[in-house]
Amino acid sequence: MATLAATATHTINAAGFLFVALTLVTVGYGLSCWLWPFGTCRRCKGSGKRRSPFGRSFALCRRCDGDGRCLRVGRRIINALREIHDKSS
Ligand SMILES: [Zn+2]
C-alpha cells in the first residue's frame, strides 16, 4: 500500500505540466513586457523612415510616427487592463 501512495505522488501529469509551463511562459512574457515595453517597429524595422521607391527621399513611418519603436502586444494588454482597473475604482 505504501508503494502505491509513493508512485501516485511521483507520476508526472502531462496536463498539469503543460499548465505550469504555459503559466510560467505567460508570466515571464508579461514581466518582460513590463520591464521592456517597446519593440522595434516591424514596418520600418526600427529606422522610423518610410523610403520612397525613387531617389533618396523618405517620409516618417506612419505606424510609429518616426520613433522606430512600437508598444509590444503584451504591454498593450497590460495598459488596457490597467485602464479598466483605474476606471472601475
Ligand atoms: Zn515604424
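Q: At what angle do helix α2 and helix α3 pack, and how far apart are their axes?
A: In this predicted model, helix α2 (residues 14-35) and helix α3 (residues 73-88) pack at about 85°, with axes 8 Å apart. Axes are lines fitted to C-alpha atoms, for helices over the stretch in contact, and angles run from 0 to 180 degrees between N-to-C directions. Local features need pLDDT of at least 70, side-chain atom pairs count only at pLDDT 80 or more, and totals for chains, interfaces and linings use all residues. Residues are numbered from 1 along each chain as its sequence is written.

Q: Which residues of α2 and α3 meet?
A: Tyr29, Gly30, Cys33 and Trp34 in α2 meet Gly74, Arg75 and Ile78 in α3; contact requires C-beta atoms, placed from the backbone, within 7 Å. By class, there are four nonpolar, two polar and one charged residues.

Q: What makes α3 hardly covered?
A: A residue is buried if 20 or more other C-beta atoms lie within 10 Å of its own, exposed if 12 or fewer, and partly exposed in between. Among the 16 residues of α3, the count of buried ones is zero.

Q: Why does leucine 71 count as partly exposed?
A: Leucine 71, in strand β4 (residues 69-71), has 15 C-beta neighbours inside 10 Å, so it counts as partly exposed.

Technical notes
Helix = DSSP H or I, 4+ residues; strand = E, 2+ residues; numbered from the N terminus. Contact = placed C-beta atoms within 7 Å. Nonpolar A, V, L, I, M, F, W, Y, C, P; charged D, E, K, R; others polar.
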